[in-house]
Structures are given as C-alpha cells and as structure tokens.
Amino acid sequence: MDFQLTDEQLHLQSMVRDFATREIAPHVHEWDERSQFPLDTIKHLGRLGLMGCIFPAEYGGSGYGYIEYVLAIEELSRVDGSVGIIVAAHTSLCSNHIFLAGSEEQKRRYIPRLATGEQIGCWALTEPSSGSDAGSARCTATRKGKGWVLNGSKTFITNGAHADVCVVVAVTDKGAETRGLSAFIVERGTEGFRVGKKENKLGLRASDTSELIFEECEIPGENLLGVEGQGFVDAMRVLDGGRISIAALGLGMATGAYDCALRYSRERKQFGRAICEFQAIQWKLADMATEIDAARLLTMRAAWLKDHHHKTTLESSMAKLFSSEVAVRVANEAVQIHGGYGFIKDYPAEKFYRDVKLCTIGEGTSEIQRLVIARQLLME
Ligand SMILES: Cc1cc2nc3c(=O)[nH]c(=O)nc-3n(C[C@H](O)[C@H](O)[C@H](O)COP(=O)(O)OP(=O)(O)OC[C@H]3O[C@@H](n4cnc5c(N)ncnc54)[C@H](O)[C@@H]3O)c2cc1C
C-alpha cells in the first residue's frame with residue numbers, strides 16, 4: 001500500500017494551489033457577496049486542463065484519473081467551494097455522462113470542447129417534486145418523427161444558467177418506472193429550452209443553481225444519450241464518480257476551514273496567551289485534523305478504486321457521507337475557534353460554515369448515502 005503521491009501528482013497539486021491562491025482567493029469575498037459566477041476563472045481553468053481532468057487526451061482531456069481530479073477539486077475548494085462545485089458538476093456529471101454512455105460520435109462532438117472549458121456543462125436530474133426519489137421524474141421526452149420533444153422542468157441545476165451543453169434525464173416510458181427514464185443532450189439556444197429561476201442560496205453563492213424549463217423543446221434523434229430506458233441506471237453510474245467529487249469538495253472546504261482556524265488560534269490572545277495554548281482549543285484542532293485525514297483516506301480509496309476500474313458504489317457513498325459530515329463539523333468548530341469573529345464576514349470561517357452544508361445534500365443527501373451503503377452491505 002502506497003500513501004505517497006507521485007511527483008506528477010505533487011506538481012499538479014502545487015500548480016492548482018498556486019492558481020487558487022493567485023487567481024481565486026483575492027475575489028472570493030466579492031463573488032460571494034454578489035453571487036457572481038466566475039466565468040473568466042472557469043475559462044482559465046479550462047486552458048490549464050482542469051475542466052477535463054478525467055478524460056483521455058484523445059478527447060481533449062488531461063489524461064489524468066480520479067486521484068488527480070480529487071487533488072484538483074480539493075485545492076480549488078480549499079479556497080472557494082463555489083469554484084469546486086462548478087468544476088465538479090461540469091466534469092463528473094455532465095461530461096462524464098456523455099463519456100460513459102455516449103456514442104463515439106457524441107463523445108467526439110462534445111467532450112473536447114467541454115474538457116477544454118470552451119463550453120460549460122450541466123447535468124439535470126432533480127425536479128421540483130423528485131429529488132431523493134429521482135426515479136419519479138415527470139419531465140417527459142416523446143418521440144416526434146425521428147426526434148424527441150421535451151416537456152417539463154428541472155430544478156437546482158448547477159451551472160444551469162451558464163451551460164452550453166445540458167444532459168437531461170426524462171421519462172420516455174411512463175409505465176416502466178426507473179426503466180422508463182432516458183438521458184438526452186440539449187444545447188443552449190435550442191427552441192423551447194430556457195433557464196428559469198436562479199436560486200438565491202445560503203452558500204456556494206458564486207456557483208449558479210438554476211431552474212431549467214422545457215416547453216415543446218424539439219431535439220434531434222441523435223441527442224438521445226445512451227440506450228433508451230437506461231437513463232436512470234446510467235445516472236446512478238455517473239453518481240458513483242460524482243460522489244467522489246463531492247467528497248473532495250467537502251475535504252477541500254474542511255481543510256480551508258481548519259487552516260484558518262489553526263492560523264487564528266495562534267494569533268488570537270486571551271488571558272495573556274494565544275488561544276491555541278488552551279487545551280480545549282488544542283483538542284478541537286486535533287479532532288479536526290484527524291477527521292480530515294480520515295476523510296482524505298476514504299476519498300482517495302474511492303478514487304484509486306475508480307482509477308483501477310472497480311465498481312465504487314459503496315466506497316464513493318462512504319467517502320461522500322463521511323467527508324461531507326466532517327466538513328460540516330470542522331466548519332462549525334472553525335467558527336467556534338474564531339469566537340465572535342467567526343460570525344463576521346471579514347474572516348473566512350463564516351463562508352466555509354455556509355458553503356459546506358451543500359455537501360450533505362447534493363448528489364444524494366446523507367440519509368440517501370446511508371441507504372445506498374446499507375443496500376450494498378446487505379447485498380454481500
Ligand atoms: C446547490 C445545489 C446544487 C445542486 N445541483 C444539482 C445538479 O447539478 N443537478 C441535479 O440534478 N440536482 C442538483 N441538486 C439537487 C440535489 O441533488 C437534491 O437537492 C438532493 O438530491 C435532495 O433532493 P430534494 O432537495 O428534493 O430533497 P428531498 O428528496 O425532498 O429530501 C428531503 C429530506 O428527506 C430525506 N429523505 C428523502 N427520502 C428519504 C428516504 N428514503 N429515507 C430517509 N430520508 C429520506 C432527505 O434526506 C432530506 O433530508 C442540487 C441541489 C443544491 C441545493
């Protein structure tokens with residue numbers, strides 16, 4: 001068992017860390033206050049190869065694997081979780097669905113432009129009345145001639161208002177339950193497709209979370225993604241990879257919150273000494289660091305298994321569940337260590353506290369992760 005990163009991985013990690021410090025950190029507060037999508041930064045990440053980490057070079061990707069992808073998402077999220085979730089939804093949800101289920105022609109047509117950040121992607125499964133129970137979707141796709149007509153809406157879609165390419169899951173056979181769902185590619189500008197409400201959120205405010213509306217939206221037959229009726233099964237396969245990215249998102253934000261709490265505990269003096277000299281604060285820091293390390297090990301295990309072509313349903317959910325709950329605990333303690341200043345926007349602890357909560361909700365809530373894990377355990 002080798003716990004060391006390779007030289008190439010260390011180089012990537014340090015490159016992303018430098019980028020995040022230089023290009024993201026100075027703007028984090030302003031983007032958050034204004035709920036401003038960092039489009040230029042995302043395009044810049046594309047030029048650096050960070051919008052297509054997990055895809056082979058022949059499709060315009062960087063040819064890395066999930067280990068490198070985790071390192072990148074972690075380093076970005078350590079500075080700004082909004083950037084982390086934008087990259088994650090684009091890469092391991094939208095692009096990866098096309099990569100996993102698409103025809104060769106679809107892969108050649110879409111992946112290179114997505115992987116280089118020339119185009120932005122989103123992935124639309126959730127609907128107003130179907131979240132955890134994604135199989136009960138109502139958005140429909142009906143055959144019309146050689147093509148399809150989409151009707152319905154999707155909600156809470158990351159990158160929704162900025163995406164050029166959207167993967168949408170819709171009902172193609174009402175009576176067939178989850179076997180009646182299929183995935184489609186819809187491009188921005190298609191008649192009958194528009195962006196609805198842009199959500200005003202608790203955290204991750206620089207990321208865009210929007211409603212998508214389909215009204216008699218006609219798309220060509222070749223935009224069916226994968227086999228008809230396989231959309232739900234493929235979506236679950238996509239989430240096996242996506243949940244690793246949410247684990248990395250939580251890990252990055254937890255590390256960022258820990259870093260600022262450690263720094264502050266050395267600077268802040270009360271009763272004539274730095275607060276890090278109090279055992280109560282030391283125990284908090286020890287628990288935070290230990291839990292972050294455990295989350296990193298679970299996340300890296302899932303990434304390693306994915307890179308070695310194992311099925312990771314169990315390990316991805318374990319990593320996502322643990323890492324996201326650690327992130328919430330660590331961000332909470334980071335605020336506590338800052339005392340009153342933790343409640344104030346001048347210090348980064350406040351933003352981590354708001355941002356991390358999404359990790360226990362997106363790509364399946366903690367309750368759903370426990371359900372997935374238990375199901376896998378009972379299957380053995
Ligand atoms: C910022 C943000 C970004 C998102 N991005 C995307 C995206 O890009 N694409 C996309 O498709 N979706 C996206 N989502 C949607 C997200 O995946 C859903 O919000 C999530 O799956 C939960 O669904 P829901 O909100 O409908 O909650 P519900 O399913 O209504 O759940 C409500 C509560 O009930 C619990 N619950 C539900 N069923 C069970 C059960 N069987 N057992 C125990 N407890 C249960 C849940 O855990 C939760 O606590 C995003 C959401 C947010 C907030």
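Start by selecting helix α8 (residues 279-307), which gives the second largest pocket the largest share of its lining, 8 residues. Helices here are DSSP runs of H or I with at least four residues, strands are runs of E with at least two, and both are numbered from the N terminus. A pocket is an open set of points on a 1 Å grid over the protein atoms alone, where a 1.4 Å probe fits, with protein on both sides within 12 Å along at least five of seven lines; lining residues have an atom within 4 Å of a point.

Before moving on, remember that you're looking at a predicted model, where local features need pLDDT of at least 70, side-chain atom pairs count only at pLDDT 80 or more, and totals for chains, interfaces and linings use all residues. Residues are numbered from 1 along each chain as its sequence is written, and side-chain values use heavy atoms, leaving out hydrogens and water.

Back to that pocket: its space is about 650 Å³. Now pick D2, F3, Q4, I67 and M300, the closest to its centre of the 20 lining residues.

Next, jump to strand β5 (residues 181-187): 6 of its 7 residues are buried (under 20% relative accessible area), so the strand is largely enclosed by the rest of the structure. Show β4 (residues 165-171) too, which runs antiparallel to β5 and is joined to β5 by 7 bridges. There, V169 stands opposite A183.

Notes: Buried means under 20% relative accessible area, exposed over 50%, partly exposed in between (1.4 Å probe, protein chains only). Two strands pair if DSSP finds at least two bridges between them. Grid points are joined across faces, edges and corners, and a volume is the space filled by probe spheres set on the points.
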